[in-house]
Amino acid sequence: MSEAAASHAIDRRELTSAQRNAVAELLRVSPVADELGRRFAAAGHELHLVGGSVRDALLGRLGEDLDFCTDAHPDQTLDVVRGWAEAIWETGREFGTIGCQRDGLRLEITTFRAESYDQVTRNPLVEYGTSLVEDLRRRDFTVNAMAVSLPEHRFTDPYGGLADLAAKVVRTPGTPAESFGDDPLRMLRAARFAAQLRFSVHPDVRAAMSRMAPDLDRITAERIRDEFTKLLCGADPIAGLRLLVDTGLADRFLPELTGLKLEIDEHAQHKDVYEHTLTVVRNAISYEEDGPDFILRMAALMHDVGKPATKAVGPDGRVSFHHHEVVGARLTKARMKALRYPKDVTSKVTGLVALHLRFYGYGRGEWTDSAVRRYVTDAGDLLSQLHKLTRSDCTTRNRRKAAQLAADYDALEERIARIAAEEDLARVRPDLDGNAIMELLGVPPGPIVGRAWKHLKDLRLERGPLDRDTAEAELLRWARDEGILG
């Protein structure tokens, strides 16, 4: 379709009142868009608001980042924005993108592109395009292939993005094979859209995802990580996760998720670990207080990944997964390292996975105050998230059992609060510091001080706060037992 034909077709399309209002609102809150459009027009160039900015405006969720495309090349774009923009950055210049800031808005202006991959390497081949319609065709999905031309406000939709937006469906401007061949990450992005926007995926797109899943191996771990994080933090990650598993995409970068689909036979029954996991993720979301919590959601997703490796069937036919939390923490750490997650994020997720079973047994009256102190100390800053994960892990359909588990955890939280108020559990430390230990034992800084400090901390966790005389006597007793003192 030629650009003239596309424009004619779109000009005849009648927008609904809500859609007209959305575009008007976008231009009302972004007066800089018209001003920038006039500057490009004066320089003899086109400028179009495009992609996610148009989509989000129509959805009523426009942010402060605006995307534009133009026929101007980067040097020409720089000539237009210099002296007008409050700040300029050229970090995306090799991809034809110039960024700038004006009136609190971040603007990214990209030269028309005909970008594709060479089907071998992980890096895109960037070639400048020559028209708006060509630029829109190279975009991932039809809902991102709409534009508003500036300053005249002409709406362009050559691939039916408006209809797909209304139908809440993910479809590609060209064939799915063409789109995913250009950039295989778009397959993962389709699943992310299902999670973020609660969109369905067109059957043709879904079939191509299944067929071309191995092509995801051409994409860097960092790009996969970023898309997956957005998916998991979406409004409905369950839909996205199911799509990853059903199409085989999960096998390419998160095989542990597919691995949760354990074979279940009539002689060795146990709960469906895969479905249980998705329920735990959904439960965890219900406990969030300040928006998506990636660490909590990721821990919920990975908490049982150790079960396949630890599954055992006893003589009585009962299935067990002994120490699956230990194995799961190790698998989680390895997977998150492979996906290049930061070490601190990985440490928190693996910590929650390792601790998620600690609570069970509390209701039988086996926990001493010492056990409560250790639970709080081992959880550290993760305690609040551990509470949520543990409660989320209760997916039994037995109402009486579920009520008992909830009551038991209520009691544990109350007990933690009581002991914390009495002993300041958030800062459990030995009753003697390093200086006091060195003075009493007559030793210099070194390993002995560390061992003594650990002994006193364990004693503090076991017995609670000790007075000074008792702490000193216990330290001296330990030192004699260890042969440090005669």
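Reply: Burial is read from relative accessible area: under 20% is buried, over 50% exposed, and in between partly exposed, using a 1.4 Å probe and protein chains only. Tyr 341 counts as buried because its relative accessibility is 8%. This is a predicted model, in which local features need pLDDT of at least 70 and side-chain atom pairs pLDDT 80 or more, while totals for chains, interfaces and linings use all residues. Residues are numbered from 1 along each chain as its sequence is written, and side-chain values use heavy atoms, without hydrogens and water.

Me: How many aromatic pairs does the structure hold?

Reply: A pair of aromatic rings is described by the distance of the centres and the angle of the planes. Rings of Phe, Tyr and Trp (its six-membered ring) pair if their centres lie within 6.5 Å; planes under 30 degrees apart are stacked, over 60 edge-to-face, and the rest tilted. The structure holds four such pairs. One of them, Phe 294 with Tyr 341, is stacked, at 5.3 Å centre to centre and 20° between the planes.

Me: Which parts does the pair of Phe 294 and Tyr 341 tie together?

Reply: Helices are DSSP runs of H or I with at least four residues, numbered from the N terminus. Phe 294 belongs to helix 16 and Tyr 341 to the loop between helix 18 and helix 19, so the pair joins parts 47 residues apart in sequence. Phe 294 is buried, at 12% relative accessible area.

Me: Where does the charged end of Lys 261 sit?

Reply: A charge sits over a ring if NZ of Lys or CZ of Arg is within 6 Å of the ring centre and within 35 degrees of the ring normal. The charged end of Lys 261 lies over the ring of Tyr 274, 4.9 Å from its centre.

Definitions and conventions
Helix = DSSP H or I, 4+ residues; strand = E, 2+ residues; numbered from the N terminus.
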